[in-house]
Amino acid sequence: MFPEQRMRRRRRRIIQPLLRETELRKTDLIAPVFVDESIDVPIPIASMPGQFRHPVDGVLDHCRRLMDSGIRAVILFGIPAEKDSGATAAYASDGVVQRAVRGIKRGLGGMAVITDLCACEYTDHGHCGIVGETADGPDLLNDPSLDLMARIAVSHAESGADIVAPSCMLDGMVRAIRQALDSAGHTDTLIMSYSSKFASALYGPFRDAADSGFTFGDRTTYQIYPGNAREAVMESELDSAEGADILMVKPAGIYLDILASVKRIGLPVAAYQVSGEYAMIKAAAERGWLDERAVAIESLIAIKRAGADLIITYYAEDAARWLDEEQ
Ligand code: PBG
Ligand code: ZN
């Protein structure tokens with residue numbers, strides 16, 4: 001107690017750097033990369049200033065720039081030229097993601113390549129797997145979609161992906177993918193499961209960016225209601241039991257309580273600072289209402305403090321530069 005205990009003694013300017021409890025490192029950061037099969041030059045994404053869709057041929061150069069800034073991992077999202085009800089372009093050996101992975105691994109072996117593993121960018125209805133009639137009307141079918149996920153996973157691994165990241169929130173997806181990868185000899189390919197993924201309105205800008213919006217219904221029969229914490233932790237526990245190597249909480253910044261709980265399971269945890277979180281900071285900064293750099297770094301530090309081992313963020317490249325400038 002005061003006066004023996006003085007908290008401010010430890011906040012003297014000279015002492016501050018010595019007592020930082022949380023340090024953000026460049027190797028904590030994963031950069032999302034959008035690859036569009038139908039373009040020849042990078043196209044800016046209107047709802048996410050500073051972010052682009054890249055052509056397949058341009059993705060290696062973009063990854064080189066990221067590597068130069070100190071980013072060591074990317075997560076790829078593909079935008080195919082053709083969509084259909086079975087997401088066949090998602091597992092084509094010459095598909096957009098498969099070509100991009102091969103290009104990056106060939107040209108930049110030191111970059112860890114993660115692939116988002118979902119069907120919503122590849123289906124004409126925009127849902128995350130196979131759709132059919134249920135007792136409640138048309139919806140995403142669970143078990144018939146598992147084969148599709150397994151097939152996409154194997155094709156990503158075959159192209160050289162280091163980590164596959166299933167984001168469809170199907171029951172049994174991690175088990176199905178692990179079995180398929182192992183049977184195909186890809187025992188060293190990691191699974192980073194989007195294990196606790198909420199039905200969030202913060203994915204809006206991403207759906208424009210990846211052209212992955214749905215044509216009917218919503219995603220609330222597979223993603224988690226924002227108020228359900230117990231259910232969210234149980235989802236991550238199940239994925240851990242099914243063989244996930246890395247768990248994930250998504251979105252990140254307004255789900256820090258979930259992140260802290262999932263951390264206790266014991267596996268490494270990634271947090272996804274999603275498109276809407278990025279867009280909110282960008283928009284306020286553009287109006288001069290917030291200091292972009294300060295708020296972005298604070299948001300990443302807070303996510304790390306809550307328990308994230310890895311952070312997927314559209315700020316990855318900027319943050320890497322800002323961290324360099326702080327040295
Ligand atoms: C696809 C997927 C989504 C995001 C990542 N993978 C969108 C969705 O579930 O609708 C969101 C990423 C972001 O908003 O930055 N299943
Ligand atoms: Zn999806």
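These legends describe several close-up views of a predicted model. Residues are numbered from 1 along each chain as its sequence is written, and chains are lettered from A and ligands numbered from 1 in the order in which they are written. In this predicted model, local features need pLDDT of at least 70 and side-chain atom pairs count only at pLDDT 80 or more, while totals for chains, interfaces and linings use all residues.

**View 1. A112 in strand β5.**
A112 sits in strand β5, which covers residues 112–117. Strands (E, at least two residues) and helices (H or I, at least four residues) are DSSP runs, numbered from the N terminus. A112 is partly exposed because 17 C-beta neighbours lie inside 10 Å. The terms work as follows: buried means 20 or more other C-beta atoms within 10 Å of the residue's own, exposed means 12 or fewer, and partly exposed is in between, with C-beta atoms placed from the backbone. A112 touches R72, A73, D162 and I163, leaving out residues up to four places away in sequence. Contact here means that the C-beta atoms of two residues, placed from the backbone, lie within 7 Å. What separates A112 and D162 in sequence and in space? They are 50 residues apart in sequence and 6.2 Å apart in space, C-alpha to C-alpha.

**View 2. The shell around ligand 1.**
Which residues are around ligand 1? They are D116, C118, C120, C128, S167, Y203, F206, R207, S212, R219, V274 and S275. A residue counts as near if its C-beta atom, placed from the backbone, lies within 6 Å of the molecule. This shell divides into six nonpolar, three polar and three charged residues. Ala, Val, Leu, Ile, Met, Phe, Trp, Tyr, Cys and Pro count as nonpolar; Asp, Glu, Lys and Arg count as charged; the others, Gly among them, count as polar.

**View 3. Strand β8 and its partners.**
Strand β8 holds residues 163–166. I163 and A165 point one way, V164 and P166 the other way, and all are buried. β8 pairs with β5 in the parallel sense over four bridges. Strands pair if DSSP finds at least two bridges between them. In β8, P166 stands opposite L117. β8 also pairs with strand β9 (residues 190–191), in the parallel sense over two bridges. I163 has L190 of β9 as its bridge partner. From β8 the chain crosses through helix α4 (residues 173–183) to β9, a right-handed β-α-β crossover. Right-handed means that, with the strands pointing away from the viewer, the path from the first strand over the helix to the second runs clockwise.

**View 4. The largest nonpolar core.**
The largest nonpolar core has 102 residues. Such a core is a set of buried Ala, Val, Leu, Ile, Met, Phe, Trp, Tyr and Cys residues joined through C-beta atoms within 7 Å. Which of its residues touch the most other members? I30, V35, V74 and M149 do. Helix α3 (residues 143–159) gives the core its largest share, eight residues. Apart from neighbours within four places in sequence, V74 is in contact with I30, A31, V33, C63, L66, M111, V113 and I114. In soluble globular proteins, nonpolar side chains tend to be buried together.

**View 5**
Is β12 enclosed or open? Five of the five residues of β12 (residues 269–273) are buried, so the strand is largely enclosed by the rest of the structure. V269, A271 and Q273 point one way from β12, and A270 and Y272 the other way. β11 pairs with β12 in the parallel sense over three bridges. M248 stands opposite A270. The chain crosses from β11 through α7 to β12, and this β-α-β crossover is right-handed. Strand β13 (residues 310–313) pairs with β12 in the parallel sense over four bridges. There, T313 stands opposite Q273.

F2 and P3 are joined by a cis peptide bond, with omega about 10°. P3 is found in the segment before β1 (29–36). The bond from K250 to P251 is also cis, with omega near -5°. P251 lies in the loop between β11 (247–250) and α7 (256–263). A87 is not a glycine, yet its phi is positive, about 55°. A87 is in the loop between β4 (73–79) and α2 (96–107). A87 counts as buried because 27 C-beta neighbours lie inside 10 Å. M169, in the loop between β8 and α4, has a positive phi near 60°. M169 is buried, with 24 other C-beta atoms within 10 Å.
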